[in-house]
Amino acid sequence: MPQMNMVQAINDALRIAMRADDRVVILGEDVGRVGGVFRVTAGLFDEFGDERVIDTPLSENGIVGTAVGMALYGLVPVVEIQFADFIWPAYDQIVNELAKYRYRSGGEYPAKVVIRAPVGGGIRGGHYHSQHPEAPFIHVAGLKVVCPSSAYDAKGLLLSAIADPDPVLFFEPKRVYRAAKGEVPAGAFTVPLESAAVVRPGRHVTVLAYGAMLYEALDAASKAVAHGVEAEVIDLRTLWPVDITTILDSVRRTGRLVVVHEAPRTCGFGAELVSLVVERAFYHLEAPPIRVTGFDTPFPYSLEMEYMPLSHRILPALLEAVRS
Amino acid sequence: MPPDDGVVRVLRDDLTLDPENDPGLSDAEVLHLYRHMVMTRLLDERLVALQRQGRIGFHVGSLGEEAAILGAAFAMRKNDFIFPCYREFGAALMRGFELGVFIHNMFGTAKDTVRGRQMPDHYTCRRVGWGSISSPVGTQITQAVGFAWGAKIRKQDVATLVYFGDGATSSSDFHSGMNFAGVFRVPTIFFCRNNGWAISVPVTRQTASRTFAEKAAAYGILGVRVDGNDLFAVVSTVRKALERGIRGQGATLIEAITYRMGGHSTSDDPNRYRGSEVLEPWASRDPIGRVRAYLEKRELWDGAAEERLIAEIDKEFREAVAVAERTPLPPLESMFEDVYERPPWHLLEQRAQLLNGPRAPSPHS
Ligand SMILES: Cc1ncc(C[n+]2csc(CCOP(=O)(O)OP(=O)(O)O)c2C)c(N)n1
Ligand SMILES: [Mg+2]
């Protein structure tokens with residue numbers, strides 16, 4: 001099986017989808033000749049030409065708005081937003097248009113667009129190249145939100161996202177774009193949306209994580225062993241609709257919950273995950289759930305490693321969850 | 001090459017100035033501008049080297065655009081405000097932003113005016129009428145209009161100049177900014193650095209208009225084109241726009257035709273999308289070389305003066321770097337300051353959690 005990093009795996013998924021279906025088109029800034037600032041679309045311009053791999057004017061609302069129109073016509077646009085931090089000019093098109101089209105047209109105009117965007121910190125990006133904005137999109141009815149952590153999942157989930165009938169925000173953890181490497185099958189395959197994966201089984205505490213923070217959670221879980229704590233680490237993979245069954249199965253066994261995400265704490269996805277668990281498994285809980293997250297500040301530059309919920313902050317949370 | 005008609009030029013090939021648009025700069029003023037252009041270029045080189053050595057994280061330079069950047073700022077008055085893009089540190093320094101403070105920003109130290117919160121080159125200096133730099137393209141354009149409009153409402157004599165690139169003309173803020181400035185007759189100068197590229201995307205992907213300046217017509221404001229590699233033409237054009245604004249004649253869109261001679265930033269490799277041959281026609285129109293030739297012909301400058309200047313700048317730069325490298329990173333508490341004027345309970349709680357918790361392995365690891 002070929003070895004791929006996440007960039008190569010996503011590139012491969014795009015190529016497979018475009019070969020299989022000529023309605024699939026890519027729009028974005030610098031996605032064409034240069035193949036994207038992270039090289040995710042490298043080689044696609046040469047293979048599919050400039051009517052299917054389109055360098056657009058510098059306007060995110062223009063990109064998403066026209067992609068919505070293309071989708072209404074019957075194409076399958078896969079949009080790249082260069083950094084998730086620059087998605088906000090398109091927020092109106094995403095929230096008020098893309099997400100609502102199926103509903104407001106009584107199903108006559110399902111608008112299906114995939115929006116890919118690199119997310120997250122730890123790359124010396126300061127607050128305009130580090131945001132991890134899943135929560136404001138999860139909050140919007142009609143959007144699906146995905147965030148893979150491995151090359152294998154990135155390819156399989158992107159192929160699912162492109163085939164899915166609904167709009168999907170596909171957030172790519174750029175800190176591990178090259179580090180997340182592994183065996184990835186050469187041809188087409190899918191990883192189903194709405195399925196989480198138990199990536200490390202354990203008895204004492206459930207850890208929910210995704211994207212780049214999955215590796216931090218795994219690191220903390222392996223260090224917790226020395227303290228007699230066996231943490232079960234779940235990679236959510238699809239953030240919304242979340243795989244509630246896998247989460248509840250785990251929490252009912254461990255009775256303890258730690259949620260990790262890079263985004264700020266308040267109204268972050270962790271708040272929703274904790275609520276879901278408390279509502280459904282309250283009597284199984286033996287300790288208060290703990291959120292290990294970014295702080296409620298803009299993402300800082302010089303102190304970024306102190307901002308992020310890395311292993312050194314997750315480990316004490318695991319021990320505390322089990323102690324209390 | 002963009003179309004050549006209607007482009008304001010002053011410095012002629014024979015190194016004389018076209019009297020029609022000659023801004024009438026004194027020798028001392030030309031020397032002042034020249035020194036700052038040389039300084040800008042030298043600092044660009046040194047900062048790129050620091051980035052390559054891993055000592056700073058990033059730099060976005062101005063190679064080839066020095067005359068456009070410095071000439072525009074020079075034409076504005078002290079009481080005017082400049083809303084920068086991210087490529088104009090040379091103009092901030094010329095307006096009085098201290099080199100040492102700029103270098104603290106490049107290293108994100110505790111002495112950085114924005115306390116290491118932003119990437120390098122994203123500094124702020126209100127004291128010299130300079131805005132705060134944002135990465136999102138175009139956002140400063142509407143803000144520059146609002147600032148000057150506010151001053152107009154309060155009957156204050158303040159104009160604004162806003163820098164942005166050709167790529168930014170595709171943003172909604174560009175259109176909204178021009179439209180508001182037109183409707184409310186706001187004294188804002190929209191200074192578009194048409195440098196040919198938005199990272200790898202050429203200007204032909206930003207507009208089907210022949211020129212950027214002609215977009216002004218749709219908003220009822222004046223649009224002019226200027227040779228952005230001609231320092232004298234830039235000063236003259238911006239001055240005229242400023243005078244119009246002050247007289248209540250409203251905003252001007254200036255398209256400064258120049259060229260981005262380097263990569264977009266230290267993160268970019270331009271060889272992936274353009275051959276070096278595209279640089280040739282621009283190399284012979286180097287904005288600094290043209291002014292140097294003008295000064296030398298008038299016996300105001302020579303090789304020895306150049307060497308002295310470079311040695312001076314180098315010394316100041318090396319000292320600033322040494323100081324910044326000795327300066328600690330901002331204190332942990334600073335992360336929670338300036339989110340609000342006073343931190344609410346939840347930030348105080350989170351601050352305590354950070355201070356009492358374990359330390360991260362190392363910054364940017
Ligand atoms: C809204 C937004 N989208 C994308 C980016 C990424 N980006 C940074 S600079 C740039 C190109 C800007 O080109 P231009 O406006 O011509 O300015 P120049 O860099 O040439 O000075 C892009 C796409 C961004 N910073 N903001
Ligand atoms: Mg440009």
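A backbone N or O atom of G167(B) lies 2.8 Å from an oxygen atom of ligand 1 in this predicted model. Ligand 1 itself is located between chains A and B, and the protein covers 96% of the 570 Å² of accessible area that the ligand has on its own.

- The shell around ligand 1 holds 20 residues, of which E60(A), Y86(B), R87(B), G167(B) and R193(B) come nearest.
- Sorted by class, this shell has nine nonpolar, six polar and five charged residues.
- The residue D166(B) places a backbone N or O atom 3.2 Å from an oxygen atom of ligand 1.
- For A168(B), a polar backbone atom is 3.0 Å from an oxygen atom of the ligand.
- G167(B), with its backbone contact at 2.8 Å, is also one of the residues that come nearest to ligand 1.

**Parallel strands in chain B**

- Strand β1 (residues 7-8) of chain B runs parallel to strand β9 (residues 222-227) of chain B, and two bridges join them.
- Within this pairing, V7(B) of chain B stands opposite R225(B) in β9(B).
- β9(B) also pairs in the parallel sense with strand β10 (residues 252-257) of chain B, over six bridges.
- In β10(B), E255(B) is the bridge partner of R225(B).
- Between β9(B) and β10(B) the chain passes through helix α7 (residues 231-246) of chain B, and this β-α-β crossover is right-handed.

**Five-stranded sheet of chain A**

- Five strands of chain A form an open sheet in the order β9-β11-β10-β13-β14, with mixed pairing.
- The edges are taken by β9 (197-200) and β14 (290-294) of chain A; each has a single partner strand, so one side of each is left without a neighbour in the sheet.
- From one strand to the next, the twist of this sheet averages 25°.
- β9(A) runs antiparallel to strand β11 (residues 231-235) of chain A, and three bridges join the two.
- V233(A) in β11(A) is the bridge partner of R200(A).

**Seven-stranded sheet of chain A**

- A further open sheet of chain A has seven strands in the order β3-β2-β4-β5-β7-β6-β12, again with mixed pairing.
- Its edge strands are β3 (53-55) and β12 of chain A, each with a single partner strand, so one side of each is left without a neighbour in the sheet.
- On average, and with direction ignored, neighbouring strands of this sheet are turned by 20° against each other.
- β5(A) pairs in the parallel sense with strand β7 (residues 168-173) of chain A over six bridges.
- In that pair, R116(A) stands opposite F170(A) in β7(A).
- In a regular strand, side chains alternate between the two faces of the sheet.

**Backbone features in loops of chain A**

- Most residues other than glycine have a negative phi, and most peptide bonds are trans.
- The peptide bond from W240(A) to P241(A) is cis, with omega near 0°.
- P241(A) is found in the loop between β12 (238-240) and α9 (244-254) of chain A.
- R124(A), a residue other than glycine, has a positive phi, near 60°.
- The loop that contains R124(A) lies between β5 (114-119) and α6 (135-138) of chain A.

Technical notes
Residues numbered from 1 in each chain as written. Chains lettered and ligands numbered in written order. Predicted model: local features only at pLDDT ≥ 70, side-chain atom pairs only at ≥ 80, totals over all residues. Heavy atoms only, no water. Near = heavy atom within 4 Å. Polar contact = N/O pair within 3.5 Å; in protein donor to acceptor, adjacent residues only side chain to side chain. Areas by Shrake-Rupley, 256 points an atom, 1.4 Å probe, with all protein chains shown as cover. Nonpolar A, V, L, I, M, F, W, Y, C, P; charged D, E, K, R; others polar. Pairing = 2+ DSSP bridges. Helix = DSSP H or I, 4+ residues; strand = E, 2+ residues; numbered from the N terminus. Right-handed = clockwise from strand over helix to strand, strands pointing away. Axes fitted to C-alpha atoms, helices over the stretch in contact; angles between N-to-C directions.
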